[in-house]
Amino acid sequence: MAMTPASRGRSERRMSFTVAKFAEATKLALISIDSGGNIEFVNPAACSLFGYTLNEMIGRPITIIVPQRMRGAHVAGLQRASQGHTPNLGGKAVEVCALRKDGTEFPIEITLSTWRSKQGFCAGAVITDITERRDREGRLLRLASQDTLTGLLNRHRFSTLLAETLAAGMAATVILLDLDGFKEVNDTHGHLVGDSLLQALGVRLPYMLSPDADIARIGGDEFAVLLKGVSDPRIAYAQADVILQVFNKPFELGDLSLELGASIGFSLSPTHGKESEELIASADYALYRAKAQGRQSIRMYDATMRSEASARRDLRDELHSGLRRGELELFYQPQVSLPDGEIVGLEALIRWHHPIRGLLAPAAFLPALDQDALALDIGSWTLDEAAKRARELHSAGYRVKVSVNLFPGQLRAPNLIHKVANVLQRHSLTADRLELEVTETIALADDDRSLEAMSALRELGVGIAFDDFGTGYASLSSLQRYPLTTLKIDRGFIRQICNSTGDAAITRALIAMSRDMGLVTIAEGIETIEQQEALVALGCPFGQGYLYGRPMPFTEALDIIKREVRSRHVDDHQGAHVV
């Protein structure tokens, strides 16, 4: 049935009314302009969006919502459209900037439509504020390229920049630095202080380095620097030295003044790698060598580092499997009373029954561990095994203590006290039957932390021995500072004690000092009767060395203890008859 003119009119009025209500209710901003570019319609959402009232917008040029720098292009586009050059934008959303009444700019998405009426060219637009979307996209972009804690580049962005630099045929230097002592800051002061420290470094590094340097945080406390166009090792060394100077001044965080160091490794392209990951790996090998060398060290990559690192990694993997398969064993070396030969202690020394290479001493495999987490696992195993043997000796009625060496990482670990206490409880062992040996170099490398750990161990009743004393850089005052029970004089002074007046004088002084401080003194490396007699003459009470037995399995050490006890009982019995 055909629509009559009257019904058509009513339908158009209803449609017009419906559209008007929609325009008034929708949150979409709606604007239309006439052929002169003046606003002829605007809905409440558009007024709210741009900060105008309805009367302030109707009849005004559309350019009031267009930023000044874009108005020329906008007017030219309207002129072309009014002349019949219809823009190819119908229904297509475009992102541009718009202008509010207060002069602020913001991003919008605009969908434009054009038509011709009796009055000529007209255009309308649906407008959406996309500020939140842009902010969200900006955050995602920053997350993809920026370290959220420090504001520096992240590892992904650093690798991308390096790859782009190399692809462009430019030389490049990659510098990696790792903080010395950062873990201790976290353990002592908490992760919030650690995060603040990283943020402070993120501010200080860019200030000290060239503006052309790209700086990234690529790991927990590991940072990277990219020097584009640099392949001269002298320039790289100079920049690395500048980085070390960053740590000359303490980091002030509230009431805390924290002193840190850094280890640095660097590599140069194309000499040390032509691909980004290869160049980063080369710098990482150099960093590893720098860390092994000591604090505040700089090393440049060389080809031997890669093969050595690979060998260390393979050895660590083998050792990890060996620990799991029970290939490790503790051997024990007797410690004796020098005047009468009575066995008073056993030092536990680790050995590895390697399936191919045979029995390996610690020097053949422990250096490969370095700071590896496996060192803590092996250290926990040795502690438990030594405590178990100490309990067996105690249960058999022998007053023989067992000493065990601590790895550097164990002394720094915050759970060391808890582990030792658990071991004593698990084996029902009195604390005085266990002694922990620490080299003076390890202890003094982290003085305050070591003191705290040793003090807590002494509160448990565990003995603390300074091993290899005299070979490091401990001052005599450190013997008063640390809660020691035993001082072990290094074998280097014992070797020539019969021939060197200097070694004899030093040994005499150490024995006297140790005795006056109430410490047990043990001379290491005794191999001859003459050395033993010289030490007895100097007043040394205890000794250890091949003269009394090489490191041996526990069953052999136990047999020696049994024979020594039986022999002593026989001597006592015979002596009683003589009397």
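A residue counts as buried when its relative accessible area is under 20%. The views below are taken from a predicted model.

**Figure 1. The protein chain as a whole.** The chain holds 21 helices and 21 strands. Of its 579 residues, 44% are buried. Contacts between residues at least 24 apart account for 62% of those that join residues at least 6 apart in sequence.

**Figure 2. The aromatic pair of W352 and F365.** The whole structure contains 7 aromatic pairs, including this one, which is edge-to-face, with 5.5 Å from centre to centre and 80° between the planes. W352 belongs to strand β14 (residues 343-354), while F365 lies in the loop between β15 (358-360) and α12 (373-395), 13 residues apart. W352 has a relative accessible area of 1% and is therefore buried. F365 also has a relative accessible area of 1%, so F365 is buried.

**Figure 3. The aromatic pair of F466 and Y482.** The rings are tilted, at 50° between the planes, and their centres are 5.7 Å apart. Because F466 is in strand β18 (residues 463-469) and Y482 is in the loop between α17 (476-481) and β19 (486-489), the pair ties together parts 16 residues apart in sequence. Both residues, F466 and Y482, are buried.

**Figure 4. Arginine charges over aromatic rings at R100 and R550.** The charged end of R100 is placed over the ring of F106, at 3.8 Å from the ring centre. At R550, the charged end sits over the ring of Y546, 3.8 Å from its centre.

How values were computed
Residues are numbered from 1 along each chain as its sequence is written. This is a predicted model: local features need pLDDT of at least 70, side-chain atom pairs count only at pLDDT 80 or more; totals for chains, interfaces and linings use all residues. Side-chain values use heavy atoms; hydrogens and water are left out. Helices (H or I, at least four residues) and strands (E, at least two) are DSSP runs, numbered from the N terminus. Buried means under 20% relative accessible area, exposed over 50%, partly exposed in between (1.4 Å probe, protein chains only). Contact means heavy atoms within 4.5 Å. Rings of Phe, Tyr and Trp (its six-membered ring) pair if their centres lie within 6.5 Å; planes under 30 degrees apart count as stacked, over 60 as edge-to-face and the rest as tilted. A charge sits over a ring if NZ of Lys or CZ of Arg is within 6 Å of the ring centre and within 35 degrees of the ring normal.
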